[in-house]
Amino acid sequence: MLNVKGVKDTRQVQSIALQSRLKIPLLFGLDVIHGYKTVFPIPLAEAASWDMELLEQSAHIAAKEAAAAGIHWTFAPMVDIARDPRWGRIMEGAGEDTYLGSLAARARVKGFQGTLGSTDAVLACAKHFAGYGAATAGRDYYAVDMSNQMLWETYLPPFKAAVDAGVATFMNSFNTLNGIPATGNVYLQRDILKGKWGFKGFTVSDWGSIGEMVTHGYAENDTIAALRAITAGSDMDMESRAYLKTLGTLVKQKKVSMALVDDAVKRILYLKYKLGLFDDPYKFSDEKREKQVLNDTSHKLIARFCAERSIVLLKNERNTLPIQSTVKTIALIGPLIDARADLDGSWAVQPVDTAAIVTFVQGLKNRYGNHVKFLTAKGCDVTGASMAGFDEAVNIAKQADLVLMAIGESGSMSGEAKSRSDIHVPGVQEQLFAKVKATGKPVVAVIMAGRPLILDSIADKADAILYAWWLGSESGNAIASVLSGNYNPAGKLPVSIPRNVGQLPFTYAQLNTGRPVMEDQNTTYKSAYIDVANSPQYAFGYGLSYTTFAYSDLKLSRSFMSATDTLKVSFTLTNTGDYAGEEIAQLYIRDRVASVARPIKELKGFIKKKLERGESETLTFAITKESLSFYNSQLNWVVEPGEFDIMIGSASDKILLRDKIFVK
Ligand code: GLC
């Protein structure tokens, strides 16, 4: 069952199940995506930390709270690669990059599942299999069309990482993949997942996706839909009831073999057994543990730790931040200054303790007490055209030494079925920003959203910009900690922020084309727009710190390597600024010539390192066959001989060290 939660209710429902003929215990499933009672930052925000231990710890706390509340199974992690922020579910994953997304998938599976069978772990569920994030035009549930080479190279690896991490279950996706609904897709579920990858867990359909195959026009009725789904390898029908209504008849008619049903049932029973539910069906329904775990205040501290590290500093001119001690009056302006439930973002469906959420204003007051005078004005709503509040906002800005603006989407503008065709900051917030900026005061824009937003004039004119996503229960405290410099921000974008929606879908890992834009060429005939640059507003992997870092002394352990060698790439990182801080140094490669055109750069490693002021350290990446491999047109995972660029930088568009290697 899903959406039954809490020890009392799960115990009661389980007791009913145990009156059945075979007394097979129920599994209780729930969307515990980024926290149960303690809400962590949305997964896309946490991905900005590039800290896999943090992702694992966050998922572990979520599992601990959910398991204490009688939940056995979470429908997470969502591991869909997404390169189109019009798609509202981009908030649920780890962004645009396959390498980062695969590490995140592994970390989250480990965090949720821990040691399966213990009462602080739940079954995880890799979803949505597969290609869901590539919905045409970013419109949720819409068709997905891509080559098998793209599918294998970009969208499947995070799912394979989940399998390798021992994920217990999979959920298939709503979309068609090249015309075949994923739920009835033999290639995906039978050939790849259960065949090539040898997956031994079970797959569940997504909501009514079995029945939706009729709506797709892929099955005449529920009976045919059930036949196609069970044949393709969908073991459990979440909500369409097609199996309930028709599978028995299909078996009697010998249209579905009992062996298929036995295989599906065995996969499900095995996991119930592995959780220990046959020994003790009430194992997860312990009132005392529920009370103790759900009131463990240490979880909030961990949530705040995660939230601080999810924030990305995009701009900081004239050292506007951290807030200087000379600042005595601060104007807090924008429709999100008092936002509360919004701060949890989408998929915070649990008994969320909304009253416990720390708002933007509250976080700043917690941090500064009476040392700073705060003036507040919303100025406008998140959406709508009313500018009636502008004057009040401008008026308090004029009285302040510094303006902090909390602007962006509402929490319900991203998530499932929340695609936007225009991803600007909504309503009249940009106009409010312009009016406030026109006062001449320094303005910090704190952007809150579940997706990258088009920032336009805000990017041009703000003195500083923090991307604060949706940070969960401890939002206000984490934002105040970064603004005040208590925590020196280190987040880097897990997804590009485009200049306009016309650039979408967008990724840094682009092919070169036959007519790339060349700085030194002024030709008309190049792969470019006539009205906007090809570059994003802010690049994948970009994020600033209050300090600065220098990269030097790139050294390769060898210039020639065979496919079996390991190449060591070392360089020196130095903190050249005024604060201790963490840097996420990134390694990119480029295969210059191959049997399939290769991207101009691909992330193949990163190191997050804290350095004190003036401190230097030599850091080393290892490049192996895995780093240089790709799927050729026959879908073989190969390394081809030739020249590779090795690039190290602080962002995908900030390459600071480069060299070449030759693979024999
Ligand atoms: C939804 C979502 C899926 C979720 C499921 C159960 O439609 O697509 O991610 O786990 O239904 O709520």
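Two cavities of 30 Å³ or more are found in a search of the whole structure. A cavity is a set of points, on a 1 Å grid over the protein atoms alone, where a 1.4 Å probe fits but cannot get out, whereas a pocket is an open set with protein on both sides within 12 Å along at least five of seven lines; lining residues have an atom within 4 Å of a point. Grid points are joined across faces, edges and corners, and a volume is the space filled by probe spheres set on the points.

The model is predicted: local features need pLDDT of at least 70 and side-chain atom pairs count only at pLDDT 80 or more, while totals for chains, interfaces and linings use all residues. Residues are numbered from 1 along each chain as its sequence is written, and side-chain values use heavy atoms, with hydrogens and water left out.

**Cavities**

- The largest cavity has a volume of about 60 Å³, and the residues that line it include Ile-33, His-34, Pro-43, Arg-108 and Phe-112.
- Helix H2 (43–47), H3 and helix H4 (98–113) each supply at least two residues of this lining; helices (H or I, at least four residues) and strands (E, at least two) are DSSP runs, numbered from the N terminus.
- H3 gives the most to the lining of the largest cavity, with four residues.
- By class, this lining has six nonpolar, three polar and two charged residues, where Ala, Val, Leu, Ile, Met, Phe, Trp, Tyr, Cys and Pro count as nonpolar, Asp, Glu, Lys and Arg as charged, and the others, Gly among them, as polar.
- The second largest cavity has a volume of about 50 Å³, and its lining consists of Ile-33, Pro-43, Ala-76, Pro-77, Met-78, Glu-92 and Arg-108.
- Five nonpolar, no polar and two charged residues make up the lining of the second largest cavity.

**The second largest pocket**

- About 1,100 Å³ of space lies in this pocket.
- Its lining comprises 31 residues, of which Met-236, Asp-237, Leu-244, Ile-268 and Lys-272 lie nearest the centre.
- Helix H10 (242–252) and helix H11 (258–274) are the elements that give two or more residues to the lining, and H11 gives the most, with seven residues.
- The lining residues divide into 23 nonpolar, three polar and five charged.

**Helix H12**

- In helix H12 (residues 287–294), the buried residues are Glu-290, Val-293 and Leu-294; buried means under 20% relative accessible area, exposed over 50%, and partly exposed in between (1.4 Å probe, protein chains only).
- Seen down the axis of H12, the buried residues fall within an arc of 85°, so they line one face of the helix; the arc is that of the directions from the helix axis to the C-beta atoms.
- The face of H12 turned away from the buried side carries the exposed residues Lys-288, Lys-291 and Gln-292.
- Helix H1 (7–17), helix H3 (52–68) and helix H13 (298–310) are among what covers the buried residues of H12.

**Asn-488**

- Asn-488 lies in the loop between helix H18 (475–484) and strand E14 (549–556), and counts as buried because its relative accessibility is 8%.
- The Asn-488 side chain makes a polar contact with the side chain of Ser-545 (3.1 Å); a polar contact is a pair of N or O atoms within 3.5 Å, and within protein one must be able to donate a hydrogen and the other to accept it, while residues adjacent in sequence count only if both atoms are side-chain atoms.
- The side chain of Asn-488 also reaches the backbone oxygen of Ala-580 at 2.9 Å.

Terms used: Contact means heavy atoms within 4.5 Å.
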